[in-house]
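Grab a pencil and work through these exercises on a protein chain. Try each task yourself before you read its solution.

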Amino acid sequence: MRIATFIHQGRRGSGAVAGDAVLPFPPSTEPLDALQGVQTGEPVRDHILGYTIFNDWSARDLQSREMQVGLGPCKGKDTATTLGPWLVTADELEPHRDADGFLHLALTASVNGVELGRDLLSNMSWTFEELLAYASRGTRVRPGDVLASGTCGNGGCLAELWGRNGKQDPSPLKPGDVVEITVEGLGSTRNTVVAGTEPVPLPRARRRPRHRP
């Protein structure tokens with residue numbers, strides 16, 4: 001990987017939900033997925049407020065269609081983001097930092113009590129400080145912004161397993177499923193997926209004449 005990819009959550013976007021809240025199923029989607037990461041709060045080490053668990057819920061069918069446009073995901077990431085169960089200040093995690101600056105924390109992800117992913121946060125390719133420095137290039141990362149590391153490897157999101165298995169196995173999330181994420185030193189989040197609202201019908205795209213003024 002040549003680019004320090006990350007998830008940056010500013011003042012707008014998907015709604016944050018508590019670590020033990022229910023998650024309404026997003027309208028007009030079928031393959032719902034959860035993306036595990038760890039989130040931090042301001043740029044570079046002396047300004048990092050702390051760390052918490054970040055779960056990026058993804059409507060994979062919508063995301064798949066949106067990515068064909070080549071501009072990145074939009075509504076596929078717009079439902080919710082779990083943050084919690086609390087914010088652990090950066091100084092409390094210093095004992096877990098290795099010689100290269102990475103946080104040596106164990107991560108697990110499970111659905112309905114079945115563990116699907118297990119990893120170490122120190123397997124990241126860049127430290128959080130490096131991600132924040134990259135995120136601030138040509139823009140401003142403000143206090144209150146959040147930045148997530150990305151997926152816990154080895155099954156931290158269903159899409160990774162789907163790609164590895166060549167099919168949607170394990171199956172996409174559905175109402176009634178319980179997703180639990182645990183990160184050493186940060187605690188656990190536990191969200192139950194519930195039925196969402198029906199979408200407002202959207203007409204199909206119309207082919208319009210390409211008149212010019």
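The exercises below use a predicted model, and each solution goes step by step.

**Exercise 1.** Find out where M124 sits in the chain, and decide whether M124 is buried or exposed.

*Solution.* 
- Step 1: Start with the position. M124 is in the loop that runs between β8 (114-120) and α2 (128-135).
- Step 2: Look up its relative accessible area, which is 17%.
- Step 3: Compare that with the cut-off: buried means under 20%. With 17%, M124 therefore counts as buried.

**Exercise 2.** Work out which residues M124 touches, leaving out those up to four places away in sequence.

*Solution.* 
- Step 1: Skip the residues up to four places away in sequence, and you're left with F102, L131 and S149.
- Step 2: Now try C152 as a distance check. M124 and C152 are 28 residues apart in sequence, and their C-alpha atoms are 9.2 Å apart in space.

**Exercise 3.** Explain what the salt bridge between E129 and R97 ties together.

*Solution.* 
- Step 1: Check the pair itself. The side chains of R97 and E129 meet in a salt bridge, at 3.6 Å from N to O.
- Step 2: E129 belongs to helix α2, while R97 is in the loop between β6 (80-89) and β7 (106-111), so the bridge ties together parts that are 32 residues apart in sequence.

**Exercise 4.** Describe the salt bridge between R190 and E180, then find the network that shared partners make.

*Solution.* 
- Step 1: The side chains of E180 and R190 meet at 4.0 Å, N to O.
- Step 2: R190 lies in strand β11 (residues 187-194) and E180 in strand β10 (residues 178-183), 10 residues apart.
- Step 3: R190 is partly exposed at 48%, and E180 is partly exposed at 29%.
- Step 4: Now for the network: salt bridges with shared partners join E94, R97 and E129.
- Step 5: To finish, the count of salt bridges comes to six.

Definitions and conventions: Residues are numbered from 1 along each chain as its sequence is written. This is a predicted model: local features need pLDDT of at least 70, side-chain atom pairs count only at pLDDT 80 or more; totals for chains, interfaces and linings use all residues. Side-chain values use heavy atoms; hydrogens and water are left out. Helices (H or I, at least four residues) and strands (E, at least two) are DSSP runs, numbered from the N terminus. Buried means under 20% relative accessible area, exposed over 50%, partly exposed in between (1.4 Å probe, protein chains only). Contact means heavy atoms within 4.5 Å.
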